[in-house]
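Hi,

Here is the structure I promised to send over.

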Amino acid sequence: MSVIKYSRDMLMNLRKGVINNPLHRIVPHTWDKLRDLKILANATMRGCRAGISKKQRSIPVRVCHRSSFDSQRNACREVGYAVNRQNLINIKRTNLKSHNAQRIRFAHWNARSLNAKTKSGIKSAALCDFVIDNQVDLLALSETWFTGDFQDNCAIADINRTLPNFTLHHLPRPSRGGGVGILIRDGLSFHVNEACSFRSFEHLDLTVTSKSTSLRLFVIYRPPRNDENKLTSSMFLEEFSSLLESLAVLPGKLLMTGDFNVHVDNEEDREAFLFSNLLQSFGLCQHITGPTHKKGHTLDLIISRDEDNPVTSPSVYWDMPSDHAAVKCYINIFKPGPSIKRVESRRLRDIDSETFIKGIQTSGLLQSSASDSETLVEQYNTTLLDILNQHAPVVQRSVVLRPHAPWYSDALRAAKQEKRRRERKWLKTDLTVHKQYYLDQCEHYRDLLNEAKTSYHRSQVEDTDQRNLFRVIDN
């Protein structure tokens with residue numbers, strides 16, 4: 001038996017993990033004795049940065065001779081069963097989607113007058129851009145300031161034109177201020193329920209249905225107290241409690257949203273304390289935690305039942321031309337598919353004019369015309385329609401209804417990207433200066449949006465002749 005001798009330098013190299021000669025490798029039990037005698041240093045993480053230390057740690061490996069393993073593997077290959085492809089099975093591929101992608105996107109916004117004109121244009125343009133940008137399916141509105149007369153036509157026409165696949169339903173207030181409404185996408189059916197009226201708050205009671213799932217939705221606006229209305233906190237709590245009592249026996253999903261004008265963020269506020277206790281006594285939960293008003297209070301709320309909570313991922317969105325932010329969330333209701341419309345058209349450009357003229361000449365319209373005027377008009381309509389159907393029959397096709405925003409340009413896209421970048425910076429640092437930096441960019445984007453929209457409509461009118469002017473204005 002030969003003895004391997006180690007010099008001091010060899011042992012020091014072993015301490016450092018350096019082995020130049022493979023013959024000087026030692027067996028595991030000798031390695032353990034050297035470690036116990038403190039000749040070999042234990043691995044430490046000293047001097048390593050966090051996160052990198054795991055990459056620098058050595059992985060324990062058991063070393064063995066591979067001759068026997070290689071011989072067995074080669075023998076298996078000679079036999080022919082090294083790889084048995086019959087053992088493989090086909091894995092069914094599934095289209096993985098986010099859980100939130102199958103839910104509808106809900107939002108609420110206190111517009112504080114959709115008819116109001118700011119330096120960035122009317123607020124309905126910002127509302128439509130918010131719906132398109134966030135792909136909102138259901139938008140609740142409070143303080144629309146709709147009065148139910150001709151003054152509302154401009155904002156309503158703008159919404160219907162830009163969002164053709166949405167339906168706007170609202171309850172106006174004849175006097176100044178107030179008003180609630182709902183903007184709902186096609187594919188979601190809704191029914192307006194008959195409800196009692198309350199003095200301290202306005203509300204809209206709806207039942208929203210998607211396939212077999214239904215949701216009872218309440219849009220509420222509580223006006224603040226002033227010398228004119230003389231509304232008190234006790235009056236609101238009493239009437240709101242009576243509303244909750246009537247809903248306690250109703251089954252199914254429940255969602256209440258709106259501007260309650262209650263400072264739920266202030267734990268020392270007596271009204272907020274009583275309001276929170278009232279919600280807890282009826283098994284309700286309030287989901288918005290951050291401020292929703294520019295003064296730092298949480299006024300716009302989303303409320304649902306604890307036992308059957310349909311709300312996920314609540315958030316606050318500040319890019320709106322109002323003193324209130326928009327609140328968003330996902331609702332556990334099946335998301336309907338895109339809105340599809342059936343349209344009819346004719347390929348009039350494919351008509352051969354010579355063949356079409358010959359068809360008219362050989363028709364009974366010229367060969368045997370009627371004597372009286374009524375019969376002749378009917379003959380004209382019937383004959384010409386039959387000839388037209390022969391040369392250019394009616395073709396039906398399906399068209400997906402999408403938001404209509406042809407004024408959207410590359411400049412708006414770049415401004416929106418910059419706005420998102422500043423928003424991420426503010427959310428990361430939570431500094432007031434970065435928030436103001438973000439809000440300035442939001443206002444700049446709305447200015448560009450108003451300019452682009454105005455320029456588009458102006459060019460549409462200026463580039464149209466007198467014959468098609470009324471058609472363009474009607475559209």
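Before the notes start, a word on naming: helices (H or I, at least four residues) and strands (E, at least two) are DSSP runs, numbered from the N terminus. This is a predicted model, so local features need pLDDT of at least 70 and side-chain atom pairs count only at pLDDT 80 or more, while totals for chains, interfaces and linings use all residues. Residues are numbered from 1 along each chain as its sequence is written, and side-chain values use heavy atoms, with hydrogens and water left out.

First, the overall picture. The chain has 14 helices and 16 strands. Of its 475 residues, 34% are buried; here buried means under 20% relative accessible area, exposed over 50%, and partly exposed in between (1.4 Å probe, protein chains only). If you take the contacts (heavy atoms within 4.5 Å) between residues at least 6 apart in sequence, 66% join residues at least 24 apart. The chain exposes about 30900 Å², with carbon and sulfur atoms supplying 51% of that. Those areas come from the Shrake-Rupley method with a 1.4 Å probe, and for residues only the protein chains shown count as cover.

Next, two helix pairs. Helix 12 (residues 410-429) and helix 13 (residues 432-462) pack at an angle of about 165°, with their axes 9 Å apart. The axes are lines fitted to C-alpha atoms, for helices over the stretch in contact, and the angles run from 0 to 180 degrees between N-to-C directions. Helix 12 and helix 13 are therefore roughly antiparallel to each other (over 145 degrees; under 35 is roughly parallel, 65 to 115 roughly perpendicular, and the rest oblique). The crossing of helix 12 and helix 13 is left-handed, meaning that the near helix is turned anticlockwise from the far one by less than a right angle; clockwise would be right-handed. The residues in the contact of helix 12 with helix 13 divide into 11 nonpolar, three polar and eight charged. In that scheme Ala, Val, Leu, Ile, Met, Phe, Trp, Tyr, Cys and Pro are nonpolar, Asp, Glu, Lys and Arg are charged, and the others, Gly among them, are polar.

At 13% relative accessibility, Arg422 counts as buried. Leaving aside its neighbours within four places in sequence, Arg422 is in contact with Tyr437, Tyr438 and Gln441.

In the other pair, the axes of helix 9 (residues 353-361) and helix 11 (residues 373-391) come within 10 Å and cross at roughly 150°. That makes helix 9 roughly antiparallel to helix 11, and helix 9 passes helix 11 in a right-handed crossing. Thr355, Phe356, Gly359 and Ile360 of helix 9 make the contact with Leu384, Ile387, Leu388 and His391 of helix 11. Those residues divide into five nonpolar, three polar and no charged.

Now for some backbone details. Most residues other than glycine have a negative phi. Ser113, not a glycine, has a positive phi of about 85°. Ser113 sits in the loop between strand 1 (103-110) and strand 2 (117-118) and is buried, with a relative accessible area of 5%. Gln135 is also not a glycine, and its phi is positive at about 55°. Gln135 lies in the loop between helix 5 (123-134) and strand 4 (138-142) and is partly exposed, with a relative accessible area of 49%.

Cheers
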